[in-house]
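Please look over the sequence and the 3D structure shown here before reading on. The report that follows takes up a sheet, a helix and the nonpolar cores in turn.

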Amino acid sequence: MIAFPNAKINIGLFVTGKREDGFHNIESVFLPVNLCDSLEVVKSQEDLFDFEMAGLKVIGKPQDNICFKAYNLIKSKYNIGGIKSALLKNIPMGAGLGGGSADGAFMLKLLNSVFELNLSINELNSLAAQLGSDCPFFIENTPSFVAGRGEVIEPILLNLQNYFVVLVNPGVHVNTGEAYKLISIEKPDFDLAKLGSIAIVDWKDYLCNSFEKPISTRYPIISEIRDKLYGEGAIYAAMSGSGSTVFGIFSERKNLKSQFSQLFCETVEILG
């Protein structure tokens, strides 16, 4: 069985406080986009996790990969056997696009299907939360207001069917833990869950990413990419997550590979 874990972008990202468990509370809108890895899972006659990776280089050992952690989590709770799995990595790592979180969540969903566990959405969400803060979003994988440490997920209506997203990654790997040390606590002046009531052309007057200013100070190329996207006609542009990918939303498909030569640059559709 094959699935295609997709990336997400953050439309606004406010770090609103630090929690007693050491994590931070956030408020953001997560938007799934059509930049995908490929993940295959088949049953194995041997009781082990046989895992292969290809595509973009993934830092760390295979046993440290979130897909392996997802398998071990399911195996610790349910009677499943071994699998053979292959991951083709297309989503840049440490890029604010949630690629690793998507891989983990989709592995849970694939195992649920392959082994006919019949887990509910709530059960999958609970398992995903044990893998990582962004993982629960990818269970239902629809445009959502996300709060808490990522476990509060409320689907929202956003009419973005005729828009396209240009993703530009400067090749800077931003460690999420280090990024949190640079930010200031702030709360949005309006209810992000009602973002759909605000015209996209006005988003820049309401939204910000708590990480963008401090990360851009350290890596000026991030603000340079954002400004260039606006110069190319983006309706809204910002850094996604804790960086370093910058996205621009356009009313028509744009191919900007030549404008961002030697950088990762893809134009993708919005999902959901």
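Contact here means heavy atoms within 4.5 Å. This is a predicted model, in which local features need pLDDT of at least 70 and side-chain atom pairs count only at pLDDT 80 or more, while totals for chains, interfaces and linings use all residues. Residues are numbered from 1 along each chain as its sequence is written, and side-chain values use heavy atoms, with hydrogens and water left out.

Not counting residues up to four places away in sequence, Thr-16 touches Asn-25, Ile-26, Glu-27, Ile-185, Glu-186, Lys-187 and Pro-188. Thr-16 belongs to strand E2, residues 6-18; helices (H or I, at least four residues) and strands (E, at least two) are DSSP runs, numbered from the N terminus. With a relative accessible area of 15%, Thr-16 is buried, a term that means under 20% relative accessible area, whereas exposed means over 50% and partly exposed lies in between (1.4 Å probe, protein chains only).

Two strands pair if DSSP finds at least two bridges between them, and in this way 4 strands form an open, antiparallel sheet in the order E2-E3-E7-E8. E2 and strand E8 (152-155) stand at the edges with a single partner strand each, so one side of each is left without a neighbour in the sheet. E2 and strand E3 (residues 24-36) run antiparallel and are joined by 11 bridges, and Ala-7 has Val-33 as its bridge partner in E3.

Helix H1 (residues 66-77) has 12 residues and reaches 17 Å from its first C-alpha to its last, close to the 16 Å expected at 1.5 Å a residue, where the expected span is 1.5 Å times one less than the number of residues. In H1, Ile-66, Cys-67, Ala-70, Tyr-71, Leu-73 and Ile-74 are buried. The buried residues of H1 pack against strand E4 (38-43), strand E5 (49-55), strand E6 (83-89), H2 and helix H3 (121-131).

A nonpolar core is a set of buried Ala, Val, Leu, Ile, Met, Phe, Trp, Tyr and Cys residues joined through side-chain atoms within 4.5 Å. Two such cores are set out below.

| Core | Size | Residues, among them |
|---|---|---|
| Largest nonpolar core | 56 residues | Ile-83, Met-107, Leu-108, Leu-111, Phe-211 and Leu-229 |
| Second, separate core | 32 residues | Ala-147, Leu-167, Ile-235 and Tyr-236 |

Leaving aside its neighbours within four places in sequence, Met-107 is in contact with residues including Cys-67, Ala-70, Tyr-71 and Ile-83.
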